[in-house]
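Please read them beside the sequence and the coordinates.

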Amino acid sequence: AILRYIAIKYKPEYYPVSDPAMCATIDFAMDSMSNEVYKAHHDTVYVVLGFASPPTDQQAANKTYTEKLDTWATHFLKGKFVGGDKLTIADFKAV
């Protein structure tokens with residue numbers, strides 16, 4: 001919600017409310033990142049950074065993360081960004 005608020009208030013081109021289809025894509029990409037990719041991100045990146053203990057099978061966790069990230073990117077990246085050539089708040093959520 002905070003990304004939407006900041007975009008609407010300060011950078012409306014990052015969340016173009018005048019384009020409901022693009023907003024739906026952005027929302028779906030952000031929800032998918034949170035619900036599908038984040039757990040795998042936690043099990044790999046947080047471990048490398050020392051913020052979490054490694055899972056029982058680190059190799060499997062790494063593979064899962066790569067697969068989930070690849071699936072997300074294949075589905076949502078329509079060019080360089082989720083919005084094609086235009087940066088959106090979904091891109092900020094992904095990094």
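1. How many residues does helix α3 have, and what span does α3 reach from its first C-alpha to its last? Helix α3 covers residues 58-76, which is 19 residues, and reaches 27 Å. That is close to the 27 Å expected at 1.5 Å a residue, the expected span being 1.5 Å times one less than the number of residues. Helices (H or I, at least four residues) and strands (E, at least two) are DSSP runs, numbered from the N terminus.

2. On provenance: this is a predicted model, in which local features need pLDDT of at least 70 and side-chain atom pairs count only at pLDDT 80 or more, while totals for chains, interfaces and linings use all residues. Residues are numbered from 1 along each chain as its sequence is written, and side-chain values use heavy atoms, with hydrogens and water left out.

3. Overall, the protein chain has four helices and zero strands, in the order α-α-α-α from the N terminus on. Its C-alpha atoms fill a box of roughly 45 × 25 × 20 Å along the principal axes. Of the 95 residues, 29% are buried (buried: under 20% relative accessible area; exposed: over 50%; partly exposed: in between; 1.4 Å probe, protein chains only). Among contacts (heavy atoms within 4.5 Å) between residues at least 6 apart in sequence, 52% join residues at least 24 apart.

4. Which residues of α3 are buried? They are Ala61, Tyr65, Trp72 and Phe76. These lie on the same side of α3 because they cover an arc of only 40° around the axis, the arc being that of the directions from the helix axis to the C-beta atoms. Their cover includes α2 (20-48) and α4 (89-94). On the face turned away from the buried side, α3 carries the exposed residues Gln59, Lys63, Thr71 and Thr74.

5. The N-terminal end of α3 is capped by Asp57, with a side-chain oxygen 3.3 Å from the backbone nitrogen of Gln59.

6. Helix α2 bends by about 55° at Val37, taken as the angle between axes fitted to the seven residues ending there and the seven starting there. Val37 is itself buried, and other buried residues of α2 include Cys23, Asp27, Ser32, Asp43 and Val47. What covers the buried residues of α2 includes α1 (2-10), α3 and α4. Just after α2, Gly50 has a positive phi of about 85°.

7. Thr44 belongs to α2 and counts as buried because its relative accessibility is 7%. Leaving out residues up to four places away in sequence, Thr44 touches Gln58, Ala61, Asn62 and Tyr65. Two of these, Ala61 and Tyr65, are among the buried residues of α3.

8. Apart from neighbours within four places in sequence, Ile89 is in contact with Leu3, Arg4, Ala7, Tyr14, Tyr15, Ile26 and Met30.

9. Phe92 touches Tyr14 and Leu87, residues up to four places away in sequence not being counted. Phe92 and Tyr14 are 78 residues apart in sequence, with their C-alpha atoms 9.7 Å apart.

Conventions:
Polar contact = N/O pair within 3.5 Å; in protein donor to acceptor, adjacent residues only side chain to side chain.
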